[in-house]
Amino acid sequence: MEQIIRLKDCDPNFVYEVEEAGGENVHLCFQCGTCSAGCPTVYTMDYTPRQIMRMVTLGIKDKVLNSETIWVCASCYTCQTRCPRGVEITNVMGALKSIAIREGVRAANEKGPAFYNSFVEIALSYGRMFEPLLMLKFAQKSEGSLSGTLKHLLRHASLGMELTKKGKIALMPHKIKGREHMKKIIENIRKIEEEEK
Amino acid sequence: MKYAYYPGCSLEATAKEYDMSVKEVFKALGVELKEIEDWNCCGASAAYSIDHLLSLSLAARNLALAEKENMDILAPCPECYLREWETSDSIKMDRELLDKMNKALEGTGLKVKGSIDVKHPLDVIVNDIGIEKLAEKVVNSLNGLKVAPYYGCVIVRPPRNKRFDSPERPTSMDRIIEAVGATVAPFQHKVKCCGGALMMANEGVQMKLSREILLDAKENADCIITACPLCHMALDARQMYIEKEYNEKIEVPVLYFTQLIGLALGITPKKLGLDKNFVPTKKIINSVKLASK
Ligand code: SF4
Ligand code: SF4
């Protein structure tokens with residue numbers, strides 16, 4: 001397969017941006033492919049983990065952030081465990097997700113960002129997870145329309161019922177006392193990240 | 001022995017039987033658990049995928065709360081365990097990060113020092129309490145029961161310094177199975193990913209990966225044991241969906257490892273929440289009764 005990479009489409013700072021966001025040692029990758037060989041979800045990726053590492057180094061930011069790969073990565077750490085060069089591949093995938101979310105990139109699979117965003121919104125406002133609300137938010141965010149949301153919820157209704165019957169779902173959210181702490185932490189983090197820019 | 005207990009959100013809800021069985025087993029083994037007061041959600045892989053600093057800071061608040069009591073943290077959920085452990089380990093090695101964490105906690109009245117450890121119950125049972133001590137307390141032998149130990153991903157990965165078991169060939173659950181008199185079933189999928197993290201966003205992938213694990217276990221084992229709420233959800237609660245999708249019967253019970261230990265220690269199935277698992281656990285409970293006669 002012939003691929004042409006145009007310099008003008010490359011962002012030489014991208015690799016540093018990724019390392020800053022928590023994915024270290026990308027520049028050490030020597031393209032052996034061990035990561036791709038052991039990846040359980042590579043069969044459904046558009047670029048293999050090895051390819052993504054190379055694309056990050058080359059700064060092909062656009063394609064990387066728009067890839068399916070980062071959203072079907074199951075964060076299993078198999079690749080990171082086996083990489084002979086100490087590339088933190090799983091953390092790189094995590095960093096790429098965070099950059100894609102931050103930059104509002106429309107993901108190839110919108111369910112990924114929808115799930116993460118729903119989860120964190122609840123965690124930050126209550127200080128604890130509340131599964132029924134997570135299901136609802138996720139359905140809304142990933143489906144968009146009301147009919148889509150309802151269909152989605154219906155499809156998962158039976159599991160929800162079973163969980164409720166077994167007493168495995170809380171009916172009311174548990175809100176921690178330190179909810180102010182959560183707000184403070186978010187404010188402080190914004191400040192730190194501003195300063196670091 | 002005393003620990004600051006960090007149940008995490010799953011153990012309060014969908015993994016209730018894990019919470020129940022951890023508490024029962026640790027009581028029986030003479031270890032005191034004191035729940036961290038007003039702990040917060042660790043943000044799991046979601047916060048981690050949105051903002052690395054946020055993920056570290058959420059964990060830091062819990063560390064600070066436990067440090068006030070001067071106790072090591074016990075975290076049964078591997079995702080919580082990873083987040084808390086990672087932060088705790090990182091601030092011990094990286095002064096700059098420690099300062100950053102305290103900046104993030106400014107105005108909360110909390111400070112983090114990096115003075116405590118974060119442990120998983122598997123580690124504590126195998127290495128701190130000791131496998132011999134566990135074996136001594138066994139009253140029901142699980143003789144004849146074939147068990148597939150499923151470790152999943154993040155209990156043993158990523159392999160940073162001081163992890164308690166091997167990332168590719170872990171043995172702690174195997175040793176527990178032997179200590180309670182059961183047999184470790186041949187099982188290829190010990191550390192293969194169940195796709196649990198994709199359960200919501202990519203159901204198809206999760207079902208495919210979980211199914212491979214279940215079919216492997218079905219070959220040689222009477223049940224699977226796991227130490228993770230997410231793996232448990234993927235393999236147990238979602239087993240009926242997998243059966244439907246692939247039009248086949250699987251019917252492999254999936255127990256938390258603490259439920260298995262509890263049975264051997266003579267704790268009642270009810271107290272271990274064995275009625276809360278989705279795939280019926282009756283066969284396993286019955287086989288224990290027979291063995292104890
Ligand atoms: S295993 Fe490591 S060195 Fe090999 S291709 Fe993957 S990231 Fe690069
Ligand atoms: S962490 Fe992601 S990229 Fe790495 S092996 Fe697992 S699924 Fe594949």
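**Exercise 1. Determine which residues are closest to ligand 1 and what kind of shell surrounds ligand 1.**

Step 1. Ligand 1 is surrounded by 14 residues, the closest being A:Cys29, A:Cys32, A:Gly33, A:Cys35 and A:Cys83; a residue counts as near if one of its heavy atoms lies within 4 Å of the molecule. The model is predicted: local features need pLDDT of at least 70 and side-chain atom pairs pLDDT 80 or more, while totals for chains, interfaces and linings use all residues. Residues are numbered from 1 along each chain as its sequence is written, chains are lettered from A and ligands numbered from 1 in the order in which they are written, and side-chain values use heavy atoms, without hydrogens and water.

Step 2. By class, the shell holds nine nonpolar, three polar and two charged residues. Ala, Val, Leu, Ile, Met, Phe, Trp, Tyr, Cys and Pro count as nonpolar, Asp, Glu, Lys and Arg as charged, and the others, Gly among them, as polar.

Step 3. Helix H2 (34–38) and helix H3 (49–58) of chain A each supply at least two shell residues. Helices (H or I, at least four residues) and strands (E, at least two) are DSSP runs, numbered from the N terminus.

Step 4. Ligand 1 sits in the second largest cavity, meaning that more than half of its atoms lie within 2 Å of the cavity's grid points. On a 1 Å grid over the protein atoms alone, a cavity is a set of points where a 1.4 Å probe fits but cannot get out; a pocket is an open set with protein on both sides within 12 Å along at least five of seven lines, and lining residues have an atom within 4 Å of a point.

**Exercise 2. Describe the lining of the largest pocket.**

Step 1. The lining has 42 residues, with A:Glu20, A:Ala21, B:Asp51, B:His52 and B:Leu53 nearest the centre.

Step 2. These residues divide into 16 nonpolar, eight polar and 18 charged.

Step 3. H11(A) gives the most to this lining, with six residues.

**Exercise 3. Find the strand order of the open four-stranded sheet in chain B, and explain why S2 and S4 each have a side without a neighbour.**

Step 1. The order is S2-S1-S3-S4, with parallel pairing; two strands pair if DSSP finds at least two bridges between them.

Step 2. Strand S2 (32–35) and strand S4 (118–119) of chain B are at the edges with a single partner strand each, so one side of each has no neighbour in the sheet.

Step 3. Between S1 (residues 2–5) and S3 (residues 73–74) of chain B there are two bridges, and B:Ala4 stands opposite B:Ile73.
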